[in-house]
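Hi,

Here is the structure I promised to pass on.

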Amino acid sequence: MNLRRCLLLICVLSLLGCEMSEQQLFEQRSLQLKNLSDFGAVPLHDAFQKACKQFSEQVNAFAEDTSQDKLNEVQQQWKVVGQLFKRCELYDFGEVNSSFIHFRIHRWPTNERRLEDSLQTTTTLTAEGVSNMGSALLGLAALEHLLFEKDPTQSLLQFQENPRRLQFLVLSTEYLSIKAGELNEIWKNYSPTFTDALQSAISGGQNQLTNSLIAYLEETMKSRLGKALGESNGGLVDKTELEAHRSGASLDFLKSGFEEWKHCFNGDFEGNSDAYGFDDYLKAMGNQALADRIQIAIQECDQAMAELSVLQQDLENDTEKVANLKKAFHKLSVLTKNDLAGFIGVTVTANDSDGD
Amino acid sequence: MGIEHGWRSQFTATEPGISLGIYRITFGLLMCFSLGRFMYKGWIESCYLETKFHFTYQYFHWVKPLESPVLMYGLVIVAMVSALFIALGIAYRFWIFTFFLLFTYLELIEKSWYLNHYYFVAIIAFLLCWMPADRRLSMSQLFKKTIPKHVPKLFSNILKLQISLVYFFAGLAKLNGDWLFQGMPLNIWLKAKVDIAWIGNYLAYDEMAYLFSYAGVLYDLSIPFLLWNRRSRPFALVAVVVFHCMTALLFNIGMFPWIMIVGSLIFVTDKEWQHLFSRLKEKASPQYLPAPQQGVPHWLKALFVIHFAIQLILPNRHLLYSENQLWTERHYRFAWNVMLIEKTGHAIFKVKDHPSGKTWVVYPSTHLSTIQEKQMSFQADMIWQYAQFLKSEYQASGLIDFSVYVEDWVAFNGRPSQLYLPLDLDLLDTSEDSIYDFVTPLKQ
């Protein structure tokens, strides 16, 4: 009888012990997602919406007074909005991704020829008409095309001489503001689903976040830097392949996106002292070494970025520096896609096939 | 009834064929469902239609998908119908041959979708082609007034042997350092599953990975013997169900558990089925009268011998090499290496034109689907094959004298990523076989 009681006690204690330990790992997953949503995604999308609204107001003011000063303000605000959106791009997963709203806000590159053609037609421009246009003619990239002429002295002149261009600017900025509001709403509604998605399946929050981190790095290597470095044309550098090259904001866009990437990894969002991120999760899983290796790779990306001043010029005058940045991103990409995803058991795929 | 005792009787005796019939029905129904699921999940598009390039198997590079989506869908539907008719036992021989040919064709199209259980299904279908599995429990028998002949016991034994080999070699393959001493890759996979209700609580522990690892080895190596043995069979059948339900719950392995559970039914003898039927129907069990024995033709026996000789050779080919097979994956397929590795890779290719010195960087996602890219990034023969594809692409664009290089980083069973192939290796100077010789040694 005593032996039975002892065995029972051991069983109960071990069950309790197991539960506590597991809860830690499980709770940490939850901590990470809540931190990301509450202190990262939600305030960021809020800020983006506000910035877009301000942008729209400034464009309206510019339409009233087409002066260089007003244009400068609008151009400056476009950069602010653009940089904020570069940060939002890290959160394009789950319901946000399936809504395709990111495409409506920013699709780069814009179709310059078709955009110019549509500005030459005589059909009346309406808010509804603009909202029905293809995403390659709308959003941040199209607005950059309108606001930043290749010859900067021509930007103001184009608006002064072409009222239709100005009207399109007003309407497409309003459209952007509406979409920013919708995006904010989607994230707010999706946030509880995301933070509750503690499962390890593809739909799991951690899984989606990891895939987003990987996608950002791969896209940076391939499109944001690789194309400009001439990877697809035999090595001829081409600054027009840089995102936001007309506004000269390419490097700022890169920096903004990467800043958010780091926040997503480290969890060190503004206003949260807990700062629970992947680095802590890896530590909890017993792989501090991997967290350290990733931190070193992040620092290398920062250092390579700090070497650059104006990406367009660096690309032509000091290509090696840009190539080094790409190399640093590649290293971080390998660590994220192989080591991090492999270690925490994330499925790096959008296709849920079987395996044995 | 040809009752003989001892080892020889397993090959010379006959039996009514109930076990074979039940196996035929369950196999057919499962395959019908499996192909329907394949279609439902949109895998016809992602496996056969979405990409221009396909990774084909050595010696089968001539196998290509049909370009028309209608025809590809049509083929899968015909395979499904075949499986259904196999289960029903109507024109069995015709449909099992049709199923075998279609299923094998579908599997040979795309190597990146290789799964051990697809290979297993193809083998079973091939073996069933030569067996009179429709003698009992089939629609065709309903219309015949004569008493069906018994079938040689050899046939059910052939299937049992095949299943036993799968388990046995899967067990042997688990006897490696990572599995036994690191609890890998289960350590990674189980920790990712802490969200599972009830048992999820315990999966975060390293000890659980070891427990599952050793239980897996023990199960694989012992279950064939336990299933063959009359006394242990009931317990073994329960173990089969529990084990495979567990794997279905924990891992994303599709039809594999169900195929193996169904497979274990072949071990239940006709006598046991008759006994079970009689208990269920209270003495209303089917009566199988003694019937003339039927021998197995010598050519068929020879075919089976050749088949099993191949089945013994394929999982052992890697013994010819001193390398870590789990890392190089030389002769890894068709060898029952089931769930042994957690690998992720990151590959970027470079094409260098020698006369001009120009270099192009190629991201595999430009040409490959997600699964193709994922599988290729850590399998040397597929890397070689993709390089051949790039060769033809760049030749078509006018290049003559050029090389193809790869920068491929691979992480394996929790180890840090390491370069998989030398950076200066011109992939065009290697062959599908020799590429494995260049895989960099695994850093422990």
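A quick definition before the strands: two strands count as paired if DSSP finds at least two bridges between them. Keep in mind that this is a predicted model. Its scores are ipTM 0.86 and pTM 0.89. For chain B the mean pLDDT is 91, with 93% of its residues at 70 or more.

I'd start with strand 5 of chain B. Two bridges link it to strand 6 (residues 418-419) of chain B, and the two run antiparallel. Nine of the eleven residues of strand 5 (residues 402-412) of chain B are buried, so the rest of the structure largely encloses it.

Next, the core. The largest nonpolar core has 196 residues, and B:Phe99 is among those with the most contacts inside it, along with B:Ala79, B:Ala83, B:Phe349 and B:Ile383. Leaving out residues up to four places away in sequence, B:Phe99 touches B:Ala79, B:Ser82, B:Ala83, B:Ile86 and B:Ala125.

Finally, where the chains meet: 35 residues from chain A and 41 residues from chain B take part in the contact. On the chain A side, helix 15 of chain A gives the largest share, ten residues. By class, that side has twelve nonpolar, 15 polar and eight charged residues.

Cheers

Conventions: Residues numbered from 1 in each chain as written. Chains lettered and ligands numbered in written order. Predicted model: local features only at pLDDT ≥ 70, side-chain atom pairs only at ≥ 80, totals over all residues. Contact = placed C-beta atoms within 7 Å. Helix = DSSP H or I, 4+ residues; strand = E, 2+ residues; numbered from the N terminus. Nonpolar A, V, L, I, M, F, W, Y, C, P; charged D, E, K, R; others polar. Core = buried A, V, L, I, M, F, W, Y, C linked by C-beta atoms within 7 Å. Buried ≥ 20, exposed ≤ 12 C-beta atoms within 10 Å, placed from the backbone. pLDDT = per-residue confidence, 0-100.
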